[in-house]
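This briefing is for a reader new to the structure. Please look over the sequence and the model before going on to the points below.

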Amino acid sequence: MTALIAVAMAGPAVAGEMRQGGKMLLTGGVSSIEGAAGGGLATWALIAGNETDAGIGGKVHATYVALPDFDLASAGVAIGIRDRVEISYARQTFDTRQAGAALGLGKGFKFGQDVYGVKVRISGSALYDQDRILPQISIGVQHKRADKAPIIAAVGGKQSNGTDFYVAATKVILSRSLVVDATVRFTKANQFGLLGFGGDLKNRYKPQFEGSAGMLIKRNLLVGAEVRTRPSNLGFAREQRALDAFAAWSVSRNVAFTAAYADLGDIATVRRQRGAFLSLQGSF
């Protein structure tokens, strides 16, 4: 989402707004819930941080998703090396609140997960290749380690640890003040991995789609939407696609705030989990 803000800052005076030793303003994306640079739900091809191929940048994030029956929190860090390689880490905590008692887990029961990621840009530049159709393309992996293996096994999950693989394509269209992204993720994750990987219904990798599109409506305010499909591997609880509609505000060169309305579908038999998505990022 943050890359959308760069559209406002770029305009016709692209060269004039280059920062010595660094990227153009806010072209590193914001942090996804899994820690990689991207939108809130989707992972993008952008590399985290403000530095170009001349240096090392990075970002930290704190995200909170308030749903009717659950809460999801994520915090982490990502390092971008020479705008080519990104290394990221995020810790996710999923609080079942009152629903935990109804599910037999106990009130306030929490699932946790560590997400370790590596992303490599293999071609293109989302922003600077305006004379070419080719988007920025990156490939990446995210290894996830959930911390409630016995419960994951009890609900039908096959593994508590797993690895996602993805290829992402992102393009900034300056003439239209647009940013678009399409990502294909190969995954077996249940509820992003918090309920393990594979299940009693399916236990194989299946491609899933992540898409984002946004437009600048003011110099430092952008709006857009995302969609993310997910596999449904567990027999006890159907899983659907996730959606959000977002607004991203550039507070300064180094700070961005994102607010969204997110729809994560049904979670663990509890229906219609829709609520607020709030995220604060700092970058260098």
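Is Asp164 buried or exposed? In this predicted model, Asp164 has a relative accessible area of 0%, so Asp164 is buried, the cut-off being under 20%.

**Barrel**
- A barrel is closed by 12 strands, which follow the order E3-E4-E5-E6-E7-E8-E9-E10-E11-E12-E13-E14 with antiparallel pairing.
- From one strand to the next, the twist averages 20°.
- Within this order, strand E6 (residues 110–123) pairs with strand E7 (residues 136–146) over 10 bridges, in the antiparallel sense.
- Gln113 stands opposite Ala146 in E7.

- Strand E8, covering residues 161–173, contains Asp164.

**Nonpolar cores**
- The largest nonpolar core has 23 residues, of which Phe70, Phe94, Leu264 and Ile267 touch the most other members.
- Strand E12 (242–250) and strand E13 (255–263) are the elements that give two or more residues to this core.
- Apart from neighbours within four places in sequence, Phe70 is in contact with residues including Phe94, Ile267, Leu103 and Val270.
- A second, separate core has seven residues, among them Ala42, Trp44, Ala126 and Leu127.

How values were computed
Residues are numbered from 1 along each chain as its sequence is written. This is a predicted model: local features need pLDDT of at least 70, side-chain atom pairs count only at pLDDT 80 or more; totals for chains, interfaces and linings use all residues. Side-chain values use heavy atoms; hydrogens and water are left out. Helices (H or I, at least four residues) and strands (E, at least two) are DSSP runs, numbered from the N terminus. Buried means under 20% relative accessible area, exposed over 50%, partly exposed in between (1.4 Å probe, protein chains only). A nonpolar core is a set of buried Ala, Val, Leu, Ile, Met, Phe, Trp, Tyr and Cys residues joined through side-chain atoms within 4.5 Å. Contact means heavy atoms within 4.5 Å. Two strands pair if DSSP finds at least two bridges between them. Axes are lines fitted to C-alpha atoms, for helices over the stretch in contact, and angles run from 0 to 180 degrees between N-to-C directions.
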